[in-house]
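Thanks for coming, everyone. I have one structure to walk through today. Have a look at it first, and then I'll start.

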Amino acid sequence: MNSTGDSMIEAAMSGIEEALRGAGVTETTLEPGEKAALDRHGYLVMPDVVDADGLHRLRAAFERATDQGQQAANVQQSGTRHVADLANKDAAFDSVYTHPKVLAAVYHVLGCSFRVFQLSGRDPLPGYGQQGLHTDWLPRAPSEPFSIVTALWLLDDFTPNNGATRLIPGSHRVPRPLPKSMMAPASRHPDQRLIIAKAGSVLVFNGHLWHSGTRNETNGPRRVLQCQFLRRDLVRSANTRPEVPERLAPAARYILGV
Ligand SMILES: O=C(O)CCC(=O)C(=O)O
């Protein structure tokens with residue numbers, strides 16, 4: 001969108017607080033215990049965010065989106081189905097970046113204006129998916145604010161052996177970068193925790209938290225939608241190419257950054 005279009009949206013939606021209100025976020029959307037978990041542990045699992053019908057729609061949209069384009073060659077190399085730019089691929093994904101509770105969590109962590117940086121999907125195939133521990137943004141000095149929050153929408157159950165996300169609780173507050181030795185996929189951190197949760201849950205975490213996907217040891221899929229929200233002042237070019245869906249309400253357009 002050109003600068004005239006940008007300023008029209010900015011004028012229509014004067015800031016993040018208005019966008020959050022438009023999306024239905026209130027002071028009490030997040031409970032005190034949920035805020036405390038985000039502060040202390042750096043993550044929160046929200047169960048039952050998506051009901052059975054919603055899951056059916058999101059899974060179908062995920063499959064349609066991964067069928068588009070040249071996926072097969074990439075999958076053979078990486079053993080993981082990746083699909084990018086979902087905001088442009090299906091209206092079913094609109095709810096992923098406008099859900100009030102997720103937005104409330106993002107605002108709680110960042111405390112400033114933000115927008116979608118990337119909305120993608122990930123499905124490690126049987127035998128694949130082990131990643132090294134990483135963060136989703138550059139290392140930060142203790143005096144610097146947090147920059148990014150990631151929300152993983154579980155389209156399949158996370159079980160002990162199907163490639164669930166592992167994370168190190170509290171590591172978003174560690175005042176030194178992730179040790180190189182821990183970045184190797186084979187490394188195990190003594191404090192790592194595997195997130196076991198039902199399909200329809202959303203795992204929201206501070207993007208500075210040390211985390212990774214693990215190996216899918218089953219024969220089933222382990223699909224997630226990955227939505228990253230970045231401080232608005234850091235977005236140079238987002239990894240999403242929104243073609244401004246007309247259906248979107250002003251709050252959704254603001255959060256998407258279109
Ligand atoms: O899919 C997951 O469990 C986490 C993936 C992840 O951290 C990443 O792709 O950077």
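**The six-stranded sheet**

Let's begin with a sheet. Six strands form this open sheet, ordered S1-S7-S4-S9-S3-S2, with antiparallel pairing. At the edges sit S1, residues 43-46, and S2, residues 80-83, and each of these pairs on one side only. From one strand to the next, the twist averages 20 degrees. Before going on, please keep in mind that this is a predicted model.

S2 pairs with S3, residues 114-124, in the antiparallel sense, over four bridges.

Just after H6 comes Gly-111, with a positive phi of about 65 degrees.

On to the other sheet. Three strands form an open sheet in the order S6-S5-S8, again with antiparallel pairing. S6, residues 193-194, and S8, residues 211-212, are the edge strands, each pairing on one side only. S5, residues 166-167, pairs with S8 over two bridges, in the antiparallel sense. Within that pair, Arg-166 has Ser-212 in S8 as its bridge partner.

Ser-212 also takes us to the ligand, as one of the residues around it. Which others are there? Arg-122, Gln-131, Thr-165, His-211, Gly-213 and Val-224 complete the list. By class, this shell has five polar residues, one nonpolar and one charged.

Last, the whole protein. How many helices and strands does the secondary structure come to? Seven helices and nine strands. The protein has 258 residues, and 38% of them count as buried. Then there are the contacts between residues at least 6 apart in sequence: 89% of these join residues at least 24 apart.

That's my tour. Over to you for questions.

Key. Residues are numbered from 1 along each chain as its sequence is written. This is a predicted model: local features need pLDDT of at least 70, side-chain atom pairs count only at pLDDT 80 or more; totals for chains, interfaces and linings use all residues. A residue is buried if 20 or more other C-beta atoms lie within 10 Å of its own, exposed if 12 or fewer, and partly exposed in between; C-beta atoms are placed from the backbone. Two residues are in contact if their C-beta atoms, placed from the backbone, lie within 7 Å. A residue is near a molecule or strand if its C-beta atom, placed from the backbone, lies within 6 Å of it. Ala, Val, Leu, Ile, Met, Phe, Trp, Tyr, Cys and Pro count as nonpolar, Asp, Glu, Lys and Arg as charged, and the others, Gly among them, as polar. Two strands pair if DSSP finds at least two bridges between them. Axes are lines fitted to C-alpha atoms, for helices over the stretch in contact, and angles run from 0 to 180 degrees between N-to-C directions.
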